[in-house]
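The following note sets out points on the fold for a colleague who has the coordinates open.

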Amino acid sequence: MTQVQPLAGQVALVTGAGQGVGEAIAGRLAAAGADLALVDRREDTVRRVADRIAAETGRQVRPYACDVTDRDGLGVVVKDASALTGRLDVLVNNAGKWTSGAFVDSSPADWHEQLEINFLAVLHLSQLVLPGMLEAGYGRIVNIISDSARVGEPGVAVYAAAKAAVAGFSRVLAKEVGRRGVTVNCVSLSTTVTPGAHDTFSEEQLAKMPRLYPVGRLGRPDDAAAAVTYFASPDAEWVTGQTLSVNGGYATL
Ligand SMILES: NC(=O)c1ccc[n+]([C@@H]2O[C@H](COP(=O)([O-])OP(=O)(O)OC[C@H]3O[C@@H](n4cnc5c(N)ncnc54)[C@H](O)[C@@H]3O)[C@@H](O)[C@H]2O)c1
């Protein structure tokens, strides 16, 4: 059977691609035909993921060891990655970080760190790739956010606020660039089993969580990747400014 490759000939940049959700997104986009630029602050993991996906799919996959808060570094990455075809067609802002703790005990330094990674990096990278997308008259930006912003999970106040900011930014940007062929959407996740989730929750906590979810299990990275791949595809041309919760039914409004 011939595989459908809606992203053939396109280049996608995925941040936080060294593990977890970002790794799954990278795999799905490559399977859909895209060449990849993978960004992670950890060189060992992003290189391992890039080598594996290139071997499995035959796509060109370039790993970049770069922190998304390093603006100069991101500029170099975008320039180098655009050289593959002259532009980037898809940007997935997936890199994110959450720390748990009561807001009353948090410091301005914590707030700034959360906002830099989860919000300001999204603005910066979007501004770096947008000129090429607008010139080409085509682009897909997909931002990974969190249902903690909708539901209000205790312990992640600033993280949730940063993710809500990304949702608001995405809705406005979608309207600014819609007529130029660029769509901007969000995929909002609830607990998804990744190395990051294992760092946050004990095995005992994770084992108890599935009963909170109508679907009866926690999320898998591939659940998120499937939704991202839809928004990233040419088929999603008439879908912009939207947020799709991939959450096992945890929040339904
Ligand atoms: N896993 C969940 O339960 C869950 C729930 C809601 C939202 N999310 C969101 O999904 C996204 C992916 O989460 P995950 O669970 O796969 O996380 P993870 O911690 O397992 O993986 C995150 C990856 O991003 C990289 N990264 C982190 N900070 C970076 C930075 N400043 N610059 C470059 N790379 C950086 C890490 O090295 C790692 O490879 C995040 O945006 C997260 O907020 C996850």
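1. Conventions. A residue is called buried if 20 or more other C-beta atoms lie within 10 Å of its own, exposed if 12 or fewer, and partly exposed in between, with C-beta atoms placed from the backbone. Helices (H or I, at least four residues) and strands (E, at least two) are DSSP runs, numbered from the N terminus. The model is a predicted one, in which local features need pLDDT of at least 70 and side-chain atom pairs count only at pLDDT 80 or more, while totals for chains, interfaces and linings use all residues. Residue numbers start from 1 along each chain as its sequence is written.

2. Overall form. The chain comprises nine helices and seven strands. Its radius of gyration, taken over C-alpha atoms, is to be compared with a globule rule of 2.2 Å times the number of residues to the power 0.38. For 253 residues a compact globule would come near 18 Å, and the chain has 17 Å, which agrees. The C-alpha trace spans about 45 × 45 × 35 Å along its principal axes. Of the 253 residues, 47% are buried.

3. Two residues are in contact if their C-beta atoms, placed from the backbone, lie within 7 Å. Among contacts between residues at least 6 apart in sequence, 74% join residues at least 24 apart. A nonpolar core is a set of buried Ala, Val, Leu, Ile, Met, Phe, Trp, Tyr and Cys residues joined through C-beta atoms within 7 Å. The largest such core has 68 residues, and Ala12, Val14, Leu29, Leu36, Leu38 and Ala224 have the most contacts inside it. Helix α4 (residues 108-136) gives the most to this core, with eight residues. In soluble globular proteins, nonpolar side chains tend to be buried together.

4. Strand β1. Five of the five residues of β1 (residues 11-15) are buried, so the strand is largely enclosed by the rest of the structure. Val11, Leu13 and Thr15 point one way, whereas Ala12 and Val14 point the other way. Strands are taken to pair if DSSP finds at least two bridges between them. β1 runs parallel to β2, to which five bridges join it; here Leu13 has Ala37 as its bridge partner. β1 also pairs with β4 in the parallel sense, over three bridges, and in that pairing Leu13 stands opposite Leu91.

5. Strands β4 and β5. Four bridges join β4 (residues 90-93) to β5, and the two run parallel. Leu91 stands opposite Ile141, and Val92 has Val142 as its bridge partner. Both faces of β4 are covered, with Val90 and Val92 buried on one side and Leu91 and Asn93 on the other. Strand β5 (residues 139-146) is mostly covered, with eight of its eight residues buried. One side of β5 carries Gly139, Ile141, Asn143 and Ile145, and the other carries Arg140, Val142, Ile144 and Ser146.

6. Helix α1. This helix is mostly covered, 11 of its 12 residues being buried; Glu23 and Arg28 are among them. The expected span of a helix is 1.5 Å times one less than its number of residues. From first to last C-alpha, α1 reaches 17 Å, close to the 16 Å expected. Leaving aside neighbours within four places in sequence, Leu29 is in contact with residues including Ala12, Val14, Leu36 and Val90. After α1 comes Gly33, with a positive phi near 110 degrees.

7. Helix α2. α2 (residues 43-57) has 15 residues and reaches 21 Å, close to the 21 Å expected. Its buried residues are Thr45, Val46, Val49, Ala50, Ile53 and Thr57. The face turned away from the buried side carries the exposed residues Asp44, Asp51 and Ala55. The cover over the buried residues includes α1 (20-31), β2 (35-40) and β3 (61-65).

8. Tyr64. Which residues does Tyr64 touch, not counting those up to four places away in sequence? They are Ala37, Leu38, Val39, Val46 and Val77. Tyr64 lies in strand β3 and is buried, with 23 other C-beta atoms within 10 Å. Tyr64 and Val46 are 18 residues apart in sequence, and 7.2 Å separates them C-alpha to C-alpha.
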